[in-house]
Amino acid sequence: MLTNTGEVKLRSFSVQGIDQRLLFGQNDIFLRLIESRFHSKIIARGDKIVLEGSPTEIDQLLRLLGDLVTRLKQGDNITEQYVNYAISMVKENGHGPATDISTEGLLTSALKKVIKPKTVGQTKYVEAVDENDLVFAIGPAGTGKTYLAVAMAVAELKAKRVNRIVFTRPAVEAGESLGFLPGDIRAKVDPYLRPVYDALYDMLQPEKIRNLLEIGVIEIAPLAFMRGRTLNEAFVVLDEAQNTTSAQMKMFLTRIGEKSKAVITGDVTQIDLDERHTSGLVTVQKILKGVEGIEFMYLTEKDVVRHRLVQSIIKAYEKHEKPRRKE
């Protein structure tokens with residue numbers, strides 16, 4: 001219903017049959033979050049939400065609320081991160097992300113948590129790995145590149161579509177030489193591969209991981225150990241690929257054997273190589289662009305699933321570094 005001025009619209013949205021504690025959050029935290037991002041009035045009355053504001057905002061709010069209800073009906077819990085993401089998508093694209101995010105879980109973690117994509121970008125990433133044997137996932141920190149790659153690898157192993165999993169990454173030193181770290185080579189490189197271990201322990205029981213490591217079904221090794229090998233019937237993950245040289249990237253890509261899949265992840269804004277070397281992840285985008293069976297997926301700050309401040313930090317750094325990149 002329009003008011004006399006024609007500039008303010010009054011609409012109601014039914015939430016009948018929806019647990020409002022899940023929709024609005026504890027102590028209405030999601031409702032307050034939505035109010036902070038819009039100028040409209042939002043009033044909860046029983047099983048209805050009354051909206052008052054400009055026609056454009058009311059339309060966006062109706063789409064947003066419809067998206068959140070859809071998410072709940074799909075059996076998913078709403079989080080503060082998701083509400084922020086849904087608001088951004090509605091404001092930019094005119095519709096919420098719920099219908100574009102996969103509802104299928106990749107696997108159930110050791111903590112009985114269903115692991116699945118949380119954003120549209122992550123959904124496209126998972127679909128790309130399903131449809132291609134070689135996928136590059138490029139994006140900033142916190143977008144789930146490594147975590148989802150580990151989840152997909154474990155899911156493929158459990159389904160017996162591969163016989164082993166190989167995780168690798170370049171051991172680029174950052175001020176401290178590997179030679180001065182205590183222990184054998186495994187102890188020296190483990191700190192570089194910690195994110196992979198963290199993801200694995202979230203998905204499998206510790207004893208299961210130890211057994212699979214001992215018999216070689218799961219292998220975690222520095223990139224230098226890949227030279228001269230052929231990896232057949234394996235799911236191979238190269239993490240932190242922005243720190244490979246062009247020669248290392250070529251070496252890794254030519255290790256892939258029959259019935260194998262490979263996922264290469266990296267963030268081209270966090271290259272730790274010295275100035276003498278060009279990142280292999282940068283050059284490979286030009287070399288392999290358009291090659292059939294190879295997919296490049298680009299995740300953005302919108303796909304960040306860590307603390308909400310991470311998204312703001314990434315945006316701030318991009319704004320700061322953009323003039324320098326132009327120069």
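Guide: Let us begin with exposure: a residue is buried under 20% relative accessible area, exposed over 50%, and partly exposed in between, with a 1.4 Å probe and protein chains only. The model is predicted, so local features need pLDDT of at least 70 and side-chain atom pairs count only at pLDDT 80 or more, while totals for chains, interfaces and linings use all residues. Residues are numbered from 1 along each chain as its sequence is written, and side-chain values use heavy atoms, with hydrogens and water left out.

Visitor: Is Asp 28 buried, exposed or partly exposed?
Guide: Asp 28 counts as partly exposed because its relative accessibility is 36%. Asp 28 has a positive phi of about 60 degrees, although it is not a glycine.

Visitor: Where is Asp 28 found?
Guide: Asp 28 is in the loop between α1 (20–24) and α2 (29–37). Helices here are DSSP runs of H or I with at least four residues, strands are runs of E with at least two, and both are numbered from the N terminus.

Visitor: And what about the phi of Glu 240?
Guide: Glu 240 is not a glycine, yet its phi is positive, at about 55 degrees. Glu 240 lies in the loop between β9 and α10 (246–253) and is partly exposed at 25% relative accessibility.

Visitor: Staying with phi, which residue follows α9?
Guide: Gly 216 follows α9, and its phi is positive, near 85 degrees.

Visitor: Which residues of α9 are buried?
Guide: In helix α9 (residues 206–214), the buried residues are Ile 209, Leu 212 and Leu 213. Seen down the axis of α9, these buried residues fall within an arc of 100 degrees, so they line one face of the helix. The arc is taken from the directions from the helix axis to the C-beta atoms.

Visitor: What does the face turned away from that buried side carry?
Guide: The face of α9 turned away from its buried side carries Glu 207 and Glu 214, both of them exposed.

Visitor: Switching to charge pairs: how many salt bridges are there in the whole structure?
Guide: A search of the whole structure finds 12 salt bridges. The criterion is a side-chain nitrogen of Lys or Arg within 4 Å of a carboxyl oxygen of Asp or Glu.

Visitor: Which residue does Asp 59 meet?
Guide: The side chain of Asp 59 meets that of Arg 63 in a salt bridge, at 3.1 Å from N to O. Both residues lie in helix α3 (residues 55–73), four residues apart, about one turn of the helix. Asp 59 is partly exposed at 37% relative accessible area, and Arg 63 is partly exposed at 41%.

Visitor: What about Arg 194 and Asp 198?
Guide: The side chains of Arg 194 and Asp 198 also meet in a salt bridge, at 3.5 Å from N to O. Their helix is α8 (residues 194–203), where they stand four residues apart, about one turn. Arg 194 has a relative accessible area of 38% and is partly exposed; Asp 198, at 46%, is partly exposed too.

Visitor: Which residue pairs with Glu 301?
Guide: Glu 301 forms a salt bridge with Lys 302, with the closest N and O atoms 3.8 Å apart. Glu 301 is buried, at 12% relative accessible area, whereas Lys 302 is partly exposed, at 25%.

Visitor: Which residues form a network?
Guide: Arg 71, Asp 76 and Lys 116 are linked in a network of salt bridges.
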